[in-house]
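Subject: Structure handover

Hello,

Here is the structure for your files. My notes on helix packing and the sheet follow below it.

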Amino acid sequence: MVKTHLYVFGIFKILEPVKLEFNTKCVHYQQPPDSESGSVIPPLSLSTTFDQSAQSELKYFYGRGENPTREQLEHCLAGIEGSGKALTYSSGQAAANAVLDLLKPGDEFISSDDVYGGTLGLFDLAKSSRKLIYQQVDTSNYDELEASINSQTKLIWIESPTNPMLKVTDIQRVCDLASRHGIKVLVDNTFCTPYLQTCMDLGADFVLYSTSKFISGHGDAIGGALVCKDEYFNTLFSNRTVTGAIPSPFDCYIIHRGIKTLGLRLDKQCENAKLIAEFLKQSNKVGKIYYPGLDCHPQYELASRQMRKSGALISFEYHGNVEKLLHGLSLFHCAVSLGTVFSLIECPALMTHRNIPRSLKVKLGLNDNLIRLAIGIEDPDDLIQDLTPFFS
Ligand code: PLP
């Protein structure tokens, strides 16, 4: 059972079980004042090595394996997820790779057909260098998903909502289906974070985060994290120590600092995104629009049930000059990434998803005029004013 220390009226109280709301956990969970100095922000521990005779209980050996700043971030991540254990990595890709590394040559896995372009690159590398076999299906089509399972299938890899088509999969339904077949499930929850959906509660074995996105939130740290069922922790921990895919203590500190405002930022980003999606929907320059918070979204009901709010990503077909739109806005940076306090615009076919096969792009409807917006925390009137000349 997870324990936490909460500093109340000058004494430490151990609360068990933890019953704090999300924003309180983000600020206080596992963050007692430093016992030496009283510092309310945990000290940044840059040391690469640790004197063994100075430790009352031997815990820290070498920074590649153990580091106090990294541990504080990991405890906080596990705390806001609500269950499981957390490990952090040097990037989202390194975290994803750590799970693929648990599979053996010849093992098969199934992934959502619409995933981050870099994830597909990782799958291709695992296929060529480690002889893993993967197939991509529409994981929101449960018959198609079940039909694609065979005796070698070990893992189902879901993004929900997907990147960039924002398709929503019923995570609990997939976890139930997988568990009937003895298969593990990984959910890449980068778009939602535990604030919008807690995938461990829905039955996932692994939850993947690019902490470079909403979790850190300010576009100034690259990192990744896994939250996993307890049984996988020791293997993942020792694999990480051996391979060395760790984030720096400074990045851990920055990411941990970002978490303190995660709920506040996402509230604002989701509110802004809803207003912008409604604005875009009215424009005759917009064809198909994909946003789980619009009632025209095919999985609107599921998204409303599964997600606390509808997220801060919007994709749409633009019936205007794509180049002019990408480079003509003042407040939206034309750049990859998402989940930052500032808004971003990109064209997936030319940018984040440029390397995926043409046939898959056609199947998904990932056309050259598909635009993805990642909405920040700016004032929505300013964002809409910036967009207006390109949509009237
Ligand atoms: N997963 C998703 C959904 C992403 O969007 C990204 C990056 O854009 C990643 C994983 C990879 O994360 P990182 O860039 O931190 O390696």
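Which residues in H3 meet which residues in H4? Gln 93, Ala 96, Asn 97 and Leu 100 in H3 are in contact with Gly 118, Thr 119, Leu 122, Phe 123, Ala 126 and Arg 130 in H4, where contact means heavy atoms within 4.5 Å. By class, this contact has 5 nonpolar, 4 polar and 1 charged residues (Ala, Val, Leu, Ile, Met, Phe, Trp, Tyr, Cys and Pro count as nonpolar, Asp, Glu, Lys and Arg as charged, the others, Gly among them, as polar).

On conventions: this is a predicted model, in which local features need pLDDT of at least 70 and side-chain atom pairs pLDDT 80 or more, while totals for chains, interfaces and linings use all residues. Residues are numbered from 1 along each chain as its sequence is written, and side-chain values use heavy atoms, leaving out hydrogens and water. Helices (H or I, at least four residues) and strands (E, at least two) are DSSP runs, numbered from the N terminus.

H3 (residues 92–100) and H4 (residues 117–130) pack at about 35 degrees, with axes 11 Å apart. Axes are lines fitted to C-alpha atoms, for helices over the stretch in contact, and angles run from 0 to 180 degrees between N-to-C directions.

The sheet is open and has 7 strands, in the order S3-S9-S8-S7-S6-S4-S5, with mixed pairing (two strands pair if DSSP finds at least two bridges between them). Its edge strands are S3 (85–89) and S5 (133–137). S8 (residues 206–210) and S9 (residues 224–228) pair in the antiparallel sense over 5 bridges; Phe 206 has Cys 228 in S9 as its bridge partner.

Regards
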